[in-house]
Amino acid sequence: MFAQSTAVITQPSVATFERYEKRGGIQSAFIYVMVAAVVSALIAALFSFFHSDVTFFGQLFSRLITIPVQFLIFTGAVYLIGGSLFKGTGTYAEVAYTFALFFVPLSILGTIIGIIPILGWLVSVLISLVMIYFGYLAVQSSMNLREQVPAIATLVLAGIANFAVGAVLGGLFLVGHIVSS
């Protein structure tokens, strides 16, 4: 998958995503995303010693859980919204795999650079913008939504859905934590 990620990142186009979208499936995508989660968790946990407001295990476990869960929610939303609202014809496996191809290397890069004060924040903004662009191409490819408006709307609505579900899950976690305390 690393070679496919390199191709997608260095030659960004719908055609490049199309070339690889059927070469993997859900299992490959989630194993690859777990690589990003483990790398991010280890880096965040190791650098937690430089921050008084976080803990080693808090960083480790939160990233091991939230990265794959957010990926699942977001790609699921892309698939459901693109298919139901805009009549996209892709499969969930195609969506998950194409998104994993750029998400994993860019999120690892973002985590590594994110440890650098100020520069990390600026680069994370840039990486977020790049991820949006790659997400747009991935939606066009994996959901077969070649027109600009449906592809952009799918991406924006999936982002909103991801935020909403994340807020609800975070709220439930917070309430559970307060009740158990």
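Angles under 35 degrees count as roughly parallel, over 145 as roughly antiparallel, 65 to 115 as roughly perpendicular, and the rest as oblique. The model is predicted, so I noted that local features need pLDDT of at least 70 and side-chain atom pairs 80 or more, while totals for chains, interfaces and linings use all residues. Residues are numbered from 1 along each chain, and side-chain values use heavy atoms, without hydrogens and water.

Entry one, the helix pair. I looked up α4 (residues 56–84) and α5 (residues 92–114), which pack at about 140° with axes 10 Å apart. Helices are DSSP runs of H or I, at least four residues, numbered from the N terminus. Axes are lines fitted to C-alpha atoms over the stretch in contact, and angles run from 0 to 180 degrees between N-to-C directions. α4 and α5 are therefore oblique to each other.

I then listed the contacts (heavy atoms within 4.5 Å). Residues of α4 including Phe71, Phe74 and Tyr79 meet residues of α5, among them Tyr92, Phe99 and Phe103.

Entry two, one residue. Is Gln140 buried or exposed? Gln140 is in helix α6 (residues 119–142) and is buried, with a relative accessible area of 7%. Buried means under 20%, exposed over 50%, and partly exposed in between, with a 1.4 Å probe and protein chains only. Leaving aside neighbours within four places in sequence, Gln140 contacts Val14, Leu145, Arg146 and Ala151.

I found residues 56–82 to be 100% helix, with end C-alpha atoms 38 Å apart. Residues 121–139 are 100% helix, with end C-alpha atoms 27 Å apart.

Conventions
Helix = DSSP H or I, 4+ residues; strand = E, 2+ residues; numbered from the N terminus.
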